[in-house]
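Student: Hi! Could we go through some side chains in this one together?
Tutor: Happy to, ask away.

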Amino acid sequence: MERIVTYREFTLDPFQVEAIDELMAGHSVLVSAPTGVGKTLIADYLIDQVIRRQDQVIYTAPIKALSNQKYKEFKALYGEERVGIITGDVVINPDAPVTLMTTEIFRNILHQDPKRIEGITHIIFDEIHYLSDEDRGTVWEESIIFMPPGMRLLGLSATIPNAEELAAWISEIKEHEVAVIRKFKRSVPLKHALFEKSKGAVSREELVEYRRELRAKLDPATGLPRFKETRHYDLIRYISKFGLPCLYFVFSRRGCEEMAYELMQGSNFLSPDERDQVEAVVDQMAKEYGIENLRSLVRLRQLLTRGIGYHHAGILPAQKEIIEALFGMGLVKVMYATETFAVGINYPVKTVCFDSPAKWDGVSFRKMTTMEYFQMAGRAGRRGIDREGRVFILA
């Protein structure tokens, strides 16, 4: 078989060629590579081959937002009649050659109606590192354990810390070869910094030294160090000349909305033409979804027409679609979002900001893990557009 070196006018990287070769040889494959280097192209090639052979493939994602985005992408690529989706909200064309679903739905089908997926040759697990998630990891484990013996998997992630161990486990229980393909270097390098209102972008060492200096100069009126509070809008103002669009992570649904409306006071990131485009998109989509008279949409429109948005799991699905569409068009310049927006969703982002290095995990506040940080930070920098991606943590 001749080795593929180009696909869709892209010259493939060696890791992409190696992954495709392994898949075409009938093996399962785990791909661990940074965000933005072209993991998805491997999945696209596999889907093309499956369709050409008139077989079927399942594409699973950890969140509905990613399933919905992929559904739109695949409809445009392969045609509406070849693509289906199954989520908790919607079922469209479920027997299509390419079917998208959340991993929970796939696991449920394996337990409740296994005959339904007989003959399906491949499954793609996007963001397969969820296997290590304390709350949801068992869903991925069960999906792999109970998937049909003849089915092959393609697992994609920016961060699989124990890929070789995972591959050995899958190989042992499924009794077929599992290849591990790694790429370490990002296409667009990341530049990391802390941000403090008085100092701007600084390293951790510089910030520690600055704090030490302030502690030595106590305010005579209060006897306390002269710390100036640094707020999210200080950071947005700092990056507004070079770093938009920006994805600003806030580990609280309420915080996302409150910060967006705080920033709106006195801020506008859109030109008159861009504002008109936003109005047109909101009007059209609101009419399609029948939400023109929704009170919350009136308030949301005020944000969006200034180039500001927010995104979390508690937003109405129709409003979420509008926000995602505008962000994808580059008309939302500052997006306040919870962690779920870091998962696989491909949008134009120059800069990623963190409101805090600590996050709520459902039980208590804890520091982000290295894997969580790089999963989110990896959204910064667009291949072929940006020379580097910028990442800031608010001090």
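Student: Is Tyr238 buried, partly exposed or exposed?
Tutor: Tyr238 has a relative accessible area of 32%, so it counts as partly exposed, where buried means under 20%, exposed over 50% and partly exposed in between, with a 1.4 Å probe and protein chains only. Keep in mind that this is a predicted model, where local features need pLDDT of at least 70, side-chain atom pairs count only at pLDDT 80 or more, and totals for chains, interfaces and linings use all residues. Residues are numbered from 1 along each chain as its sequence is written, and side-chain values use heavy atoms, with hydrogens and water left out.

Student: Which residues do ring pairs link into a cluster with Tyr238?
Tutor: The cluster consists of Tyr238 with Phe195, Phe242 and Phe392. Phe195 is buried at 3% relative accessibility.

Student: How many aromatic pairs are there in the whole structure?
Tutor: The search finds 13. One of them is the tilted pair of Phe195 and Tyr238, with 5.0 Å between centres and 45 degrees between the planes. That pair links distant parts of the chain, 43 residues apart: Phe195 is in strand 11 (residues 190–196) and Tyr238 in helix 8 (residues 232–239).

Student: Switching topic, how many disulfides are there?
Tutor: The whole-structure search finds zero disulfides, a disulfide being a pair of cysteine sulfur atoms within 2.5 Å. For Cys246, the nearest cysteine sulfur belongs to Cys353 and is 3.7 Å away. Cys246 is buried, at 0% relative accessible area.

Student: What about Cys256?
Tutor: Cys256 is in no disulfide either, and its nearest cysteine sulfur, that of Cys246, is 12 Å away. Cys256 is buried, with a relative accessible area of 0%.

How values were computed:
Rings of Phe, Tyr and Trp (its six-membered ring) pair if their centres lie within 6.5 Å; planes under 30 degrees apart count as stacked, over 60 as edge-to-face and the rest as tilted. Helices (H or I, at least four residues) and strands (E, at least two) are DSSP runs, numbered from the N terminus.
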